[in-house]
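User: Hi, I'm new to this one. Could you walk me through it?
Analyst: Happy to, let's have a look together.
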Amino acid sequence: MNPRRPDLLAAGAATVTVVLWASAFVSIRSAGSEYSPGALALGRLLAGVLTLGAICLVRREGLPPRAAWPGILISGILWFGVYMVALNWGEQQVDAGTAALVVNIGPILIALLGARILGDALPPRLLAGMAVSFAGAVAVGLSMSGEGKSSVLGVALCLLAAVAYAGGVVAQKPALGAASALQVTTYGCLVGAVVCLPFAGQLVHEAADAPVSATLNMVYLGVFPTALAFTTWAYALARTTAGRMGATTYAVPALVVLMSWLALGEVPGLLTLAGGVLCLAGVAVSRSRSRTAAAGPRPAKATESA
């Protein structure tokens, strides 16, 4: 077996995650114009739960061990529940650039919380890569701001989303030591759906009037950026530190720019392109390893015969 195979699989899983999360921004534009923040979050989570539940039945996955439940409950409430509602609501209050800037505090909080709570290391390459990526996110955010409106409530909601995202990721990491990625994602999504049940009435009312395209986009959000992408995220997170996985998500703004260009015909400006390149460069730096670490410890020199 190739000794690098686990690392390659984890990198592939992380790539699937960031690509699908980037595509979510395009779908949210359609669904978010017809569904209120809570209803959209609940519809997305219900689609995710049904998809993940079907996969669990096919794979005959049982309940997660008791040791995994604290992390599942916390990540389910914070990341699947609070984060999705707060982000949907916040993006209705502020322009996309402001939302992107505030939410991109999340990976920095993940690295700091991971070091404080989980004992993760903060190697210089990770910190340097995150600094480069955040500079790129700032450039993308400023280029997207335009004349959009900003409000104290909107900024506060986006900040809440960033904090919930970071807390959810850090809480999820220990759970992955006791349960599979599929179990942690499935039951975290279920917890998030339960948290969003107060919005069930809004979902039913709005679904009756929403165009089919908006509802299909909501279902897409649940099946791919939620069910599939959160599972591949958990798979990769179980095999690396929370800080490095958080830094990987800085590739999302660059991919959103590219997808908006291809799918929506939104031609990016030079500042946007430069910011996207910086985001990708920072991710590459943060996930790289020093030559010493990559080579491993040097073998001891053999003692020469007398």
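User: Which residue forms a salt bridge with R59?
Analyst: R59 pairs with E61, with the closest N and O atoms 3.6 Å apart. A salt bridge here is a side-chain nitrogen of Lys or Arg within 4 Å of a carboxyl oxygen of Asp or Glu. This is a predicted model, where local features need pLDDT of at least 70 and side-chain atom pairs count only at pLDDT 80 or more, while totals for chains, interfaces and linings use all residues. Residues are numbered from 1 along each chain as its sequence is written, and side-chain values use heavy atoms, with hydrogens and water left out.
User: How many salt bridges does a search of the whole structure find?
Analyst: The search finds 1.
User: And is R59 buried or exposed?
Analyst: R59 counts as exposed because its relative accessibility is 56%. E61 is at 21%, so E61 counts as partly exposed. The cut-offs are under 20% relative accessible area for buried, over 50% for exposed, and partly exposed in between (1.4 Å probe, protein chains only).
User: What comes just after α2?
Analyst: That's R60, which takes a positive phi of about 55°. Helix α2 itself covers residues 37–59 and spans 33 Å from its first C-alpha to its last, close to the 33 Å expected at 1.5 Å a residue. The expected span is 1.5 Å times one less than the number of residues.
User: How many helices and strands are there in the chain?
Analyst: The chain has 14 helices and 0 strands. Helices (H or I, at least four residues) and strands (E, at least two) are DSSP runs, numbered from the N terminus.
User: New topic: which residues touch the most other members of the largest nonpolar core?
Analyst: Y35, W79, Y83, V169 and W233 do, in a core of 64 residues. Helix α10 (residues 212–237) gives the largest share of this core, 10 residues. A nonpolar core means buried Ala, Val, Leu, Ile, Met, Phe, Trp, Tyr and Cys residues joined through side-chain atoms within 4.5 Å.
User: What is Y35 in contact with?
Analyst: Leaving aside neighbours within four places in sequence, its contacts (heavy atoms within 4.5 Å) include L40, Q92, L203 and M218.
User: Where does E34 lie?
Analyst: E34 is in the loop between α1 (5–31) and α2. E34 and D209 are 175 residues apart in sequence, yet their C-alpha atoms are 8.5 Å apart in space.
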